[in-house]
Amino acid sequence: MLKIAHRGAKAYEPENTLIAFQKALDLNADGIELDVHLSADGHIIVIHDETIDRTTDGNGLVNSFSLSELKSFLIDGKYKIPTLNEVFDLVDKKCLINIELKGLGTARKVVKIIEEYISEKNWNYEDFIVSGFDWNMLEETSNLNSKIPIGVLTEENIAAALAFAENIKAKAIHPDFHLLNNENVLQIQEKGFMVLPWTINSEEDIQKVKSYKVDGIISDNPDKI
Ligand code: G3P
Ligand code: CA
């Protein structure tokens with residue numbers, strides 16, 4: 001069962017920062033999950049919200065700032081917002097990277113970066129899984145490069161996610177864990193897809209979801225899995 005650190009090890013360090021991803025590696029996580037948006041000048045930025053308001057000392061839409069402007073804002077007074085390339089370089093193939101496409105327009109650029117790391121730095125497709133709630137962006141990813149593993153995120157409808165996953169030949173379903181039970185986990189796996197639910201943090205919920213025999217768990221505290 002894969003232990004995947006949500007937004008880095010978010011329980012221990014500020015989310016989606018290099019220090020949070022390093023903490024995930026230190027905790028021996030099998031993977032990290034992160035969220036991406038586009039900057040105004042076309043860089044892939046690792047941040048959850050479409051604005052910088054909640055997590056930095058600045059205000060405004062991520063896509064209204066250039067990369068150099070975004071680098072001037074601080075998280076918890078000392079950390080900078082990372083780019084996707086900086087996270088890849090930190091991880092250096094040590095664990096799986098789950099890239100959640102949040103911002104519109106991110107699919108094409110993320111595919112390009114993944115392809116660069118595979119062709120120039122000897123990474124493998126299995127080092128990545130691209131997920132998203134916006135299934136149009138997942139379809140775009142698959143159309144651009146069908147070898148990139150895809151995870152279909154859903155918070156409401158396993159059956160629809162399964163049908164879409166079959167359609168685009170995805171690798172995994174990423175459901176809100178509240179949707180799961182023994183039967184539907186088995187049903188998803190029998191169709192050949194991994195089940196990677198989120199975001200499971202309490203000991204009680206972790207035990208319950210583990211009993212369904214899922215393929216991995218996305219958690220703020222992956223060490224508790
Ligand atoms: O990828 C699973 C989970 O991260 C989705 O929710 O809001 O934390 O991005 P959120
Ligand atoms: Ca996410």
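Which residues surround ligand 1?

Modeller: Keep in mind that this is a predicted model. The shell around ligand 1 is made up of His6, Glu33, Asp35, His48, Glu100, Ser131, Leu153, His174, Trp198, Thr199 and Ile218. As for the predictor's own scores, the complex gets an ipTM of 0.99 and a pTM of 0.98. The chain averages a pLDDT of 98, with 100% of the residues at 70 or above.

Two of the elements to look at next are β2 (31–38) and β4 (96–101), which are among those that the buried residues of α3 pack against. The others are α1 (18–26), β3 (44–46) and α4 (106–121). Helix α3 itself spans residues 84–91, and its buried residues are Leu84, Val87, Phe88 and Val91. These sit on the same side of α3 because they cover an arc of only 100 degrees around the axis.

Zooming out, an unreviewed UniProt entry annotates residues 1–225 as "domain: GP-PDE". Over residues 1–225 the chain is 34% helix and 19% strand, and the end C-alpha atoms lie 9 Å apart.

Conventions
Residues are numbered from 1 along each chain as its sequence is written. Chains are lettered from A and ligands numbered from 1 in the order in which they are written. This is a predicted model: local features need pLDDT of at least 70, side-chain atom pairs count only at pLDDT 80 or more; totals for chains, interfaces and linings use all residues. A residue is buried if 20 or more other C-beta atoms lie within 10 Å of its own, exposed if 12 or fewer, and partly exposed in between; C-beta atoms are placed from the backbone. Helices (H or I, at least four residues) and strands (E, at least two) are DSSP runs, numbered from the N terminus. The arc is that of the directions from the helix axis to the C-beta atoms. Two residues are in contact if their C-beta atoms, placed from the backbone, lie within 7 Å. A residue is near a molecule or strand if its C-beta atom, placed from the backbone, lies within 6 Å of it. UniProt positions are given in the numbering used here, feature names are shortened, and annotations may be inferred rather than shown by experiment. pLDDT is the predictor's confidence in each residue, from 0 to 100.
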